[in-house]
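Let's take a walk through this structure together, starting with pairs of charged side chains and then moving out to the overall layout. Keep the view open as you read.

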Amino acid sequence: SSGINAEYGGGEGKIRVYYSTTTSSEKIRHNCRFLQSLLERKKVHLREDFEPWIPIDIGMDREERNRIFEKAGVRKTPMLFIDDQYVGDYDDVVELDETGELDRLLSYCALKYRNLQTVEEARRVDQVARMQLQS
């Protein structure tokens, strides 16, 4: 299934959320809805580097699913990856948001892949991004 590997591998510079469509857990479905609204408040869904939510149980073979779970170190959905790094599940993301770390990770991902020439330019873009996130 090289097509699927090509599709889900290489998450560098991307914001991805993997979720389960078949869960019977009300808590997991609730966490998906709340994570979606948290990310939408930050306008993440409008960013070029955001990919539409990826169902982990449709059109993905077991090998690929296991690779994602292995990378995350957990099997708990929804799972947020930023720049190909596992950030956490819903509870982790809420905690990161409260400390400001989530905004920093989101800004860093955008800056890293913009090929900005100077640190000053990167800082300026970062400040603008922060101001936009707050509005």
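A salt bridge here is a side-chain nitrogen of Lys or Arg within 4 Å of a carboxyl oxygen of Asp or Glu. Please bear in mind that this is a predicted model, in which local features need pLDDT of at least 70 and side-chain atom pairs count only at pLDDT 80 or more, while totals for chains, interfaces and linings use all residues. Residues are numbered from 1 along each chain as its sequence is written, and side-chain values use heavy atoms, leaving out hydrogens and water.

By that rule, there are 11 salt bridges. One of them joins Asp103 to Lys42, with the closest N and O atoms 2.8 Å apart. This pair ties together distant parts of the chain: Asp103 belongs to helix H5 and Lys42 to the loop between H2 and S2, 61 residues apart. Helices (H or I, at least four residues) and strands (E, at least two) are DSSP runs, numbered from the N terminus. Both Asp103 and Lys42 are buried, where buried means under 20% relative accessible area, exposed over 50%, and partly exposed in between (1.4 Å probe, protein chains only).

Other salt bridges stay within a helix. Arg29 pairs with Glu26, the closest N and O atoms being 2.8 Å apart; both sit in helix H2, 3 residues apart, about one turn of the helix. Arg29 counts as partly exposed because its relative accessibility is 34%, and Glu26 is partly exposed too, at 45%. In helix H3 (residues 62-72), Arg67 and Glu64 are likewise 3 residues apart, about one turn, and their closest N and O atoms are 3.0 Å apart. Arg67 is partly exposed at 35%, whereas Glu64 is buried with a relative accessible area of 0%. Salt bridges with shared partners also join Glu26, Arg29 and Arg33 into one network.

Now step back to the whole chain. It has 6 helices and 4 strands, and from the N terminus on the elements run α-β-α-β-α-β-β-α-α-α. Of its 135 residues, 40% count as buried.

The 4 strands form an open sheet in the order S2-S1-S3-S4, with mixed pairing; two strands pair if DSSP finds at least two bridges between them. The edges are strand S2 (54-55) and strand S4 (85-88), each of which pairs on one side only. Strand S1 (residues 15-19) runs parallel to S2 and is joined to S2 by 2 bridges. To find one on your screen, look for Tyr19, whose bridge partner in S2 is Pro55.

Which strands does helix H5 (residues 101-112) touch as it packs on the sheet? The answer is S1, S3 and S4, and the direction of H5 makes about 45 degrees with that of S3. Helix H4 (residues 90-99) lies across strand S3 (79-82) and S4, at about 85 degrees to S4. Axes are lines fitted to C-alpha atoms, for helices over the stretch in contact, and angles run from 0 to 180 degrees between N-to-C directions.

Finally, H2 (residues 26-41) and H4 pack at an angle of about 30 degrees, with their axes 10 Å apart. Lys27, Asn31, Phe34, Leu35 and Leu38 of H2 meet Tyr90, Asp91, Val93 and Asp97 of H4, contact meaning heavy atoms within 4.5 Å.
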